[in-house]
Amino acid sequence: MSLSHRWSKRLILGALSLWGLVFISCVVVGRTALAPPKIAGATFVGTKECIQCHSDQTEHFTTASHARIAIADAKVGATGCEACHGPASLHVKSGGGPNTIINPRRSPETCFQCHTDKRGQFSLPNSHPVMAGKVSCADCHNPHEGNAVPGSGAALADMSETCTKCHTAQKGPFVFEHAALREGCTVCHSPHGSVNAKMLVARDANLCLRCHLQAPDAGSSGQINANAILRTVENHNTRLMQGTCWSAGCHEAPHGSNASYHFRN
Amino acid sequence: MGSVEAGYKRLRTFYDGAGGFFPLNNAWLPLANQDLHTDRATYWIEAKVNLPDRPVYTVRYENLLRNGTKDSLHWGDSDFTGLPNNRPPISQVRKIVPSWRQLGERHQVLEASIAHKIGKTSYLLKAEGEKTHNLDTRNVTRFPGEVRPFPTPASTLLVPAENMNNQVILAQTDGMDTTSAKVIGSTATTFNPKFKLRTALSYELENTDFTGDRPLITSTPTAAGVVLVTTNNYQNLTGGSRIKILAGNVVLDTQPSANLGVRLSLRGEDKYTNGTGTFDVLSASGTPAVTLATTPRREFARVKEHSLTPDLDIRYTGIPNLALYASGNWRNLNGDERNTSAFNPLTATQGTVANNTIGEIHANYNVGASWHRSDLLTLRGDLSYKDHEYSSIAYGPKLGERYVRNSQTSTLKLTATTRPSDQWSFTTRYIYQHGAMQVEGYLPDRPAYDSMALRNHTIDETIDWNPTKQFYAQLNANVVYGYISTVYPRAGITAPTTPTNVAFNTNDVLQNSNNNYVNGSVLAGMVLTKKDDVQIQYTYYHAANANPQVAYLSMPYGVAALDYAVTVGLKHKVSDNLVLNAKAGYTLSRNDTTGGRTSYHAPMAYVSLTYGL
């Protein structure tokens, strides 16, 4: 029996089994399947109901990034709390009973309804484990108040605080700070996920050469510049052939150093 | 009345400890110990007292731990690449030897706050104390299995890979103990529904004591044979850093008309950082290099900076079914930095000194619209533009040196959600990003140069299908095309031949960094019985960015991988509070970036129990 014939048989068998399960399910069970992030049997009640108990969350929602897409005369439920938390009628009726409302901290599906690109990034091999439920979107973003991207604009907090809460070793302070960190961790790392190891936005020396086209030792062996490429000697060409700028023996301390002015170690 | 919340979370992450694969001779050097894993854990407890018409008191303690081993990208060198050593400037060395880190990190946070509303104003006073203790070690081997002959042959002589360099084993230990204290006070006043004012002020003091040790054990050839010589880049490293940050902001929310909201904000920050350290360098000299000498080192750095960030945000909802918004903020930073590289205090009073004025001008703009035509169609568009400048201008001994970096990034996001029926829903999103950077560097004959170009296209689609109450299906697909380009691939220059240097194409030293990929998933779930749900899922990921042809002059890093997984999950409701989840499936991962050395395929299964209190 040929390989394609065998696969065709398996596919037909699988499809029949699936159809059979759906058929039995429809006939035997009247219960609704809970497609995330939906709540079976619940209807929209409007944000005013939510404020009754959750005023601490709703009080400053008008300042939140997500409030920008709210429409003035929207129908109940189209925007506001229930756009993310699901229809709340069962939740209100049960007095806040368990499993009657969607908690986006437990599943990112609510966020993925609009942020489809983030689902793709979090599904990459190098990403924070959001898909595994170990990290939540809300660990880094506050959807209820202020800018969803923390530390941006005129927010009081610093942008990098989100990352350095867990990544303390990279926080410093170091005696010799790398100025790149002024742009935030995301200048080199893609926090939602990347095809590259360590969620780097570039896996090779392009990561550093974006800014370090020219190095501060004019005329010495430290040049990385168009001039150096032209002449091909007394420059970093040979070193760049060997690997990335942060390889062993090169600039091993890209986050900052307590010993080396040039982030060598 | 109040509440008490406590939690504990722990997860273990495994790492393959892979190094680089060199395709010319299929070189692959695995770690001796490949069982790398890191445990991350956090536990917290929060108590809140919330009596009617009384201040709300909150106390929270959180403890975060990170312990174990993980891989590192600080790969070591190897000459086992099949390339000759006598073709300068073409290097036969490639950094492909895996390295790993030993982590021991603890971060504790204690917060206490009082919140109270008096009249139209809400007050918050919060105190935060943080304590961090880190002791991490990075383990790297350079040139494993290599040692030069004695005496060292001429560099023009072709020698076997095992004789090209000397093996170096290094273990770099960095310790850090940080304590910080922060006080935040804030107010929020609602004068009327159209006029709100928020203010906040914070002051933070952070003290860090650091230690370090970086011994290197080098296999050194001598007339009597190979001896192990231990040197050290920073023996007995001790020092400290201090940070003081005073920050505050004022936010004014106004609503001039029923459909117009305007927010004006201003943030200011004053930051002072200084750090000092001392250490010893243990170096070897002589021929062969076995005479050891210790020299002390001292270092110093200080940065002062002040920034102001005004921010304007406008929202308009006066057109039916349409929300419009625009925002812009401008961060303006001025500062001064003074530092000296590490120097020998016995012979000098300073090292390489840098006195620079530093500046940042960050402008960020954003406009967008959301049009909710009906339940059938919602369209959203968002355009953002960033223009950032960073400058460091020397005024001290290096007067005349300057580094100015400008970058511009534009991002366009378009999202469409259509629901043609109760059964179908389509969400489509397209994102385009364009970036450029210019660097004005230290070389007087090279003023400003285009140093980076970035393009990124992302197309995503999610389709939901609910044909019956008992069945749902979802399809997700993501296609990404993106690259980062710097000067190398755009140089277009072939180097000339000299008597001592062979010609090569500089464009092959470094290619564009491509980040293309396709991934997606198909999910189907259905009700099986009154207590059982079943879910079938297929996931797919494919990236093809590898270019092994450049290996002669470069290290090909492009990712080439194919992953897929099929799983069947069962959710069984044991009782009202207890739910059993079981999942079984098959997964395949093929990784050509590592020459297939990290590829695998395997069945998988897991069971979990969830109990709701």
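My entries below go through the interface, the salt bridges, the cavities and a few backbone details.

**Before starting.** I noted that this is a predicted model, and I kept that in mind throughout.

**Entry 1: the interface.** I began with the contact between the two chains. How many residues does each chain bring to the contact? I found 164 residues from chain B and 112 residues from chain A. Next I looked up the area, since the size of an interface is often given as the accessible area lost when the parts come together. Between chain B and chain A, about 11300 Å² is buried, and carbon and sulfur atoms give 56% of that.

I then turned to polar pairs. With both residues at pLDDT 80 or more, I got 37 residue pairs in polar contact between chain B and chain A. On the side of chain B that touches chain A, which strand gives the most? That is β5 (residues 56–78) of chain B, with eleven residues. I also sorted this side of chain B by class, and got 62 nonpolar, 59 polar and 43 charged residues.

Entry 2: A reminder to myself: side chains of opposite charge can pair when their charged atoms come close. Searching the whole structure gave me 31 salt bridges over all chains. One pair I followed crosses between chains: Arg182(A) sits in the loop between β1 (176–177) and α8 (206–209) of chain A, while Glu305(B) is in strand β13 (residues 291–316) of chain B. Their closest N and O atoms are 2.9 Å apart. Across the interface of chain B and chain A, the rule finds ten salt bridges.

**Entry 3: cavities.** I searched the whole structure and found four cavities of 30 Å³ or more. How much space lies in the largest cavity? I read off about 60 Å³.

Its lining draws on both chains, with Thr164(A), Thr168(A), Lys171(A) and Gly172(A) among the residues from chain A, and His107(B), Glu130(B), Met176(B) and Glu206(B) among those from chain B. Two strands of chain B, β7 (121–142) and β8 (168–192), each supply at least two lining residues. The largest share, three residues, comes from β8(B). By class, I have one nonpolar, seven polar and three charged residues in this lining.

**Entry 4: backbone details.** The peptide bond from Gly172(A) to Pro173(A) is cis, with omega near 5°. I placed Pro173(A) in the loop between α7 (161–164) and β1 of chain A.

Chain B gave me a cis bond too: from Phe150(B) to Pro151(B), with omega near -5°. Pro151(B) is found in the loop between β7 and β8 of chain B.

Last, I checked phi at Lys198(A), which is near 60°, a positive value in a residue other than glycine. Lys198(A) lies in the loop between β1 and α8 of chain A.

Note on methods:
Residues are numbered from 1 along each chain as its sequence is written. Chains are lettered from A and ligands numbered from 1 in the order in which they are written. This is a predicted model: local features need pLDDT of at least 70, side-chain atom pairs count only at pLDDT 80 or more; totals for chains, interfaces and linings use all residues. Side-chain values use heavy atoms; hydrogens and water are left out. On a 1 Å grid over the protein atoms alone, a cavity is a set of points where a 1.4 Å probe fits but cannot get out, and a pocket is an open set with protein on both sides within 12 Å along at least five of seven lines; lining residues have an atom within 4 Å of a point. Grid points are joined across faces, edges and corners, and a volume is the space filled by probe spheres set on the points. Helices (H or I, at least four residues) and strands (E, at least two) are DSSP runs, numbered from the N terminus. Ala, Val, Leu, Ile, Met, Phe, Trp, Tyr, Cys and Pro count as nonpolar, Asp, Glu, Lys and Arg as charged, and the others, Gly among them, as polar. Contact means heavy atoms within 4.5 Å. Buried area is the accessible area (1.4 Å probe) that two parts lose on being put together, summed over both. A salt bridge is a side-chain nitrogen of Lys or Arg within 4 Å of a carboxyl oxygen of Asp or Glu. A polar contact is a pair of N or O atoms within 3.5 Å; within protein, one must be able to donate a hydrogen and the other to accept it, and residues adjacent in sequence count only if both atoms are side-chain atoms.
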